[in-house]
Amino acid sequence: MKIMICGKGGTGKSVISVLAARILSRKYSVYLIDSDESNTLLPDILGAPRPKPLVEYLGGRGSIFKSGEIDIVRALSKAGRGIALKDLPSEYVSKSPEGIRLVIIGKVRNFGEGCACPLNYLTRTLLKNLVLNKDEIVLVDTDAGIEHIGRRVEEGTDAILAVADPTAESLKLAKTLKDQFKPLNRKFWLVLNKATPEVASIMIEKAGKMGLEVNGIVGFDEKIFKSCLEGKVLRAGKSMLQMENLLKAINLL
Ligand SMILES: Nc1ncnc2c1ncn2[C@@H]1O[C@H](COP(=O)(O)OP(=O)(O)OP(=O)(O)O)[C@@H](O)[C@H]1O
Ligand SMILES: [Mg+2]
């Protein structure tokens, strides 16, 4: 299964991705794809070395639109069609102590180097053409907001896990994601993050009025907050169990 973790900036997409990857790695072979063109924290909180960005294997951002989807698939696939995760070149995949594999699509770093469109296109092509074994699961930590919707990156995913924090804007964005994703007829889940019990009940009521079902709640966790601030491997307290409950509720465990 391929799952995109989406939501407003700062809601906790990367944190939720790492928590989910850790828990799911007990049952699946987990690949975490970093498709955020800006932020760079993910390898640090995952505890994995930084692999080379996959876009470089394909000749850099400038080459992506020159080569079409077929060329990208050919370059990444041993069989010439369908991309198997185990076939991705080894320098472009790293591994966390739990065995979670990390792939970074690419980052924008330099003044005037251009927009993130080629990176989104590469993510979409990769997701659409990935052929997974039954024991493999792919989590995609996306960039903030919904730019990826405009690029139809969602065409390649089986599900969206939207992350909302205690802000009206993040619920609104989750609603937009749900509505835009609906025609694709795939799974959509919502997790509330950083919510105290009191705030969670306000959010659940608000979400309900917007036609959003809440599938899980991850509370504010001091350990998460501090490890993120230090830029160190993610430590978590009770949120680990809350994440496990969410994964059970959506039948991934
Ligand atoms: N459950 C939590 N408890 C406490 N703090 C949290 C929790 N989840 C996330 N945070 C805090 O929120 C910050 C943002 O989290 P994270 O980087 O995962 O968000 P994001 O949605 O990936 O952000 P971006 O849109 O910038 O990629 C973290 O640095 C951490 O301080
Ligand atoms: Mg992030």
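Reader: Where is the place of Thr 142?

Author: Helices (H or I, at least four residues) and strands (E, at least two) are DSSP runs, numbered from the N terminus. Thr 142 sits in the loop between strand E5 (136-141) and helix H7 (147-150). A word on the source: this is a predicted model, where local features need pLDDT of at least 70, side-chain atom pairs count only at pLDDT 80 or more, and totals for chains, interfaces and linings use all residues. Residues are numbered from 1 along each chain as its sequence is written, chains are lettered from A and ligands numbered from 1 in the order in which they are written, and side-chain values use heavy atoms, with hydrogens and water left out.

Reader: Is Thr 142 buried or exposed?

Author: Buried means under 20% relative accessible area, exposed over 50%, partly exposed in between (1.4 Å probe, protein chains only). Thr 142 has 1% relative accessibility, so it counts as buried.

Reader: Which residues is Thr 142 in contact with?

Author: Contact means heavy atoms within 4.5 Å. Leaving aside neighbours within four places in sequence, Thr 142 is in contact with Met 4, Ile 5, Cys 6, Lys 13, Ser 35, Asp 36 and His 148.

Reader: What does the side chain of Thr 142 reach?

Author: Think of polar contacts: a pair of N or O atoms within 3.5 Å; within protein, one must be able to donate a hydrogen and the other to accept it, and residues adjacent in sequence count only if both atoms are side-chain atoms. Here the side chain of Thr 142 reaches the backbone oxygen of Ile 5 at 2.7 Å.

Reader: How do I read Arg 61?

Author: Start with its place: Arg 61 is in helix H4 (residues 61-64). Its relative accessible area is 14%, so Arg 61 is buried. A polar atom of its side chain lies 3.0 Å from the backbone oxygen of Gly 114. Pro 118 is 57 residues away along the chain, yet the C-alpha atoms of Arg 61 and Pro 118 are separated by 5.9 Å.

Reader: What about Asn 120?

Author: Asn 120 is in helix H6 (residues 117-129). With a relative accessible area of 3%, Asn 120 is buried. Not counting residues up to four places away in sequence, Asn 120 touches Asp 143, Glu 147, His 148, Arg 151 and Val 153.

Reader: How many residues has the largest nonpolar core?

Author: A nonpolar core is a set of buried Ala, Val, Leu, Ile, Met, Phe, Trp, Tyr and Cys residues joined through side-chain atoms within 4.5 Å. The largest one has 44 residues. Those with the most contacts inside it include Ile 33, Leu 127 and Val 138. A second, separate core of 36 residues includes Val 18, Tyr 28, Leu 247 and Leu 252.

Reader: Which residues of helix H11 are buried?

Author: In H11 (residues 239-249) they are Ser 239, Met 240, Met 243, Glu 244, Leu 246 and Leu 247. They cover an arc of only 160° around the axis, so they lie on the same side of H11. The arc is that of the directions from the helix axis to the C-beta atoms.

Reader: How many residues surround ligand 1?

Author: A residue is near a molecule if one of its heavy atoms lies within 4 Å of it. For ligand 1 there are 20 residues, and the closest are Lys 13, Val 15, Asn 39, Asn 193 and Asp 221. A polar side-chain atom of Lys 13 lies 2.7 Å from an oxygen atom of ligand 1. A polar backbone atom of Asp 221 is 2.8 Å from a nitrogen atom of ligand 1.
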